[in-house]
Amino acid sequence: MNSETASHPTRSLLLQHGLQHLRQHGLRQLTVRGICQQAGVNPGGFVYHFGNRQHYVSTLLELWYAPLYRQLQDSLQQQGEPLSRLSAMLLQLVAFANAEGGVISQLLLDAGAGEVAAVEFIRNLAPRHPQLLLQCLSEAQQAGQLCQAPPLHQLMYLMSALGFPVLLQQLSSGKHILPTLLEQGLASYALEPEHLQQRLHWALKGLSARELAQ
């Protein structure tokens with residue numbers, strides 16, 4: 001696809017409406033006809049720019065995800081100790097999960113329902129931001145800042161400590177699943193910056209080579 005087609009107003013308009021639909025409804029209800037009607041675009045224009053729904057949805061998901069990936073790549077390349085870069089990357093990832101938790105929840109539901117584009121997108125994430133985090137974890141181990149353990153296990157531990165409360169809050173918010181007191185406490189614990197920083201501190205302290213050596 002040439003640069004003129006990539007920046008074509010019709011293409012941008014279709015993607016803009018697709019992102020709005022993704023955030024509100026996920027992918028399962030997304031149809032070519034519906035998006036064209038919302039954007040006021042002839043279906044022929046959709047076919048010209050994307051060919052089919054599968055390619056359109058894949059492009060849409062990449063448009064949604066790419067800013068996070070670039071941000072994490074930039075953080076990995078920054079100067080400074082690996083542990084400082086790792087902390088910054090984890091906070092960026094959790095901030096994204098907080099801001100886009102609705103989309104993430106919908107994607108998981110879409111994948112579970114067999115939405116092909118959602119399944120492929122999730123499967124293809126492994127060499128992307130998880131790999132960046134694993135690289136930074138390995139560098140922190142080599143610098144003697146973290147204990148020697150499989151970086152993948154450490155990453156799952158960190159993401160469960162940081163990301164799981166955010167995901168749980170997103171899934172339960174407004175649904176009255178939890179007791180009111182617990183729901184209020186979860187919102188504070190999961191989302192308020194000072195509590196996020198505290199969880200990060202606890203989690204990294206648990207993996208500290210110095211702490212385990214004592």
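Is S172 buried or exposed in this predicted model? At 4% relative accessibility S172 counts as buried, where buried means under 20% relative accessible area, exposed over 50% and partly exposed in between, with a 1.4 Å probe and protein chains only.

The legends below rest on a predicted model in which local features need pLDDT of at least 70 and side-chain atom pairs count only at pLDDT 80 or more, while totals for chains, interfaces and linings use all residues. Residues are numbered from 1 along each chain as its sequence is written, and side-chain values use heavy atoms, with hydrogens and water left out.

**Figure 1. Overview of the helical chain.** The chain holds 13 helices and 0 strands, where helices (H or I, at least four residues) and strands (E, at least two) are DSSP runs numbered from the N terminus. The C-alpha trace spans about 70 × 45 × 25 Å along its principal axes, and buried residues make up 42% of the 214 residues. Of the contacts with a separation of 6 or more, 67% come from residues 24 or more positions apart, a contact meaning heavy atoms within 4.5 Å.

Figure 2. S172 is found in helix α10, and its side chain reaches the backbone oxygen of L168 at 2.9 Å. Leaving aside residues up to four places away in sequence, S172 touches I177, L178, E183 and L186.

**Figure 3. S75 and its polar partner Q92.** S75 belongs to helix α5, which covers residues 53-76, and counts as buried at 9% relative accessibility. The side chain of S75 makes a polar contact with the side chain of Q92 at 2.8 Å; a polar contact is a pair of N or O atoms within 3.5 Å, of which, within protein, one must be able to donate a hydrogen and the other to accept it, and residues adjacent in sequence count only if both atoms are side-chain atoms. With residues up to four places away in sequence not counted, S75 touches R85 and M89 as well as Q92.

**Figure 4. A97 in helix α6.** A97 lies in helix α6, residues 82-99, and is buried, with a relative accessible area of 19%. Residues I104, V166 and Q170 are touched by A97 when those up to four places away in sequence are not counted. From A97 to R85 the C-alpha separation is 18 Å, for 12 residues along the sequence.

**Figure 5. Packing of α6 against α12.** Helix α6 packs with helix α12 (residues 193-207) at an angle of about 135°, with their axes 11 Å apart; axes are lines fitted to C-alpha atoms, for helices over the stretch in contact, and angles run from 0 to 180 degrees between N-to-C directions. The two helices α6 and α12 are therefore oblique to each other, given that angles under 35 degrees count as roughly parallel, over 145 as roughly antiparallel, 65 to 115 as roughly perpendicular and the rest as oblique. In this contact L83, L86, S87, L90, L91 and V94 of α6 meet L196, Q197, L200 and L204 of α12. By class, the contact of α6 with α12 has 8 nonpolar, 2 polar and no charged residues, where Ala, Val, Leu, Ile, Met, Phe, Trp, Tyr, Cys and Pro count as nonpolar, Asp, Glu, Lys and Arg as charged, and the others, Gly among them, as polar.

**Figure 6. Crossing of α9 and α10.** The axes of helix α9 (residues 129-142) and helix α10 (residues 151-172) come within 9 Å and cross at roughly 110°, which makes α9 roughly perpendicular to α10. On the α9 side P130, L133, L134, L137, S138 and Q141 take part, and they meet P151, L152, Q154, L155 and L158 of α10. This contact of α9 with α10 comprises 8 nonpolar, 3 polar and no charged residues.

**Figure 7. Crossing of α7 and α10.** Helix α7 (residues 101-112) and α10 have axes that come within 9 Å and cross at roughly 80°, and are therefore roughly perpendicular to each other. The contact is formed by G101, G102, S105 and L108 from α7 together with L167, Q170 and L171 from α10. By class, the residues of the contact of α7 with α10 divide into 3 nonpolar, 4 polar and no charged.

**Figure 8. G26 in the loop between α2 and α3.** G26 sits in the loop between α2 (9-25) and α3 (32-39) and is buried, with a relative accessible area of 0%. Apart from residues up to four places away in sequence, G26 touches H21, Q106 and D110. The C-alpha atoms of G26 and L167 are separated by 16 Å, and the two residues are 141 residues apart along the chain.
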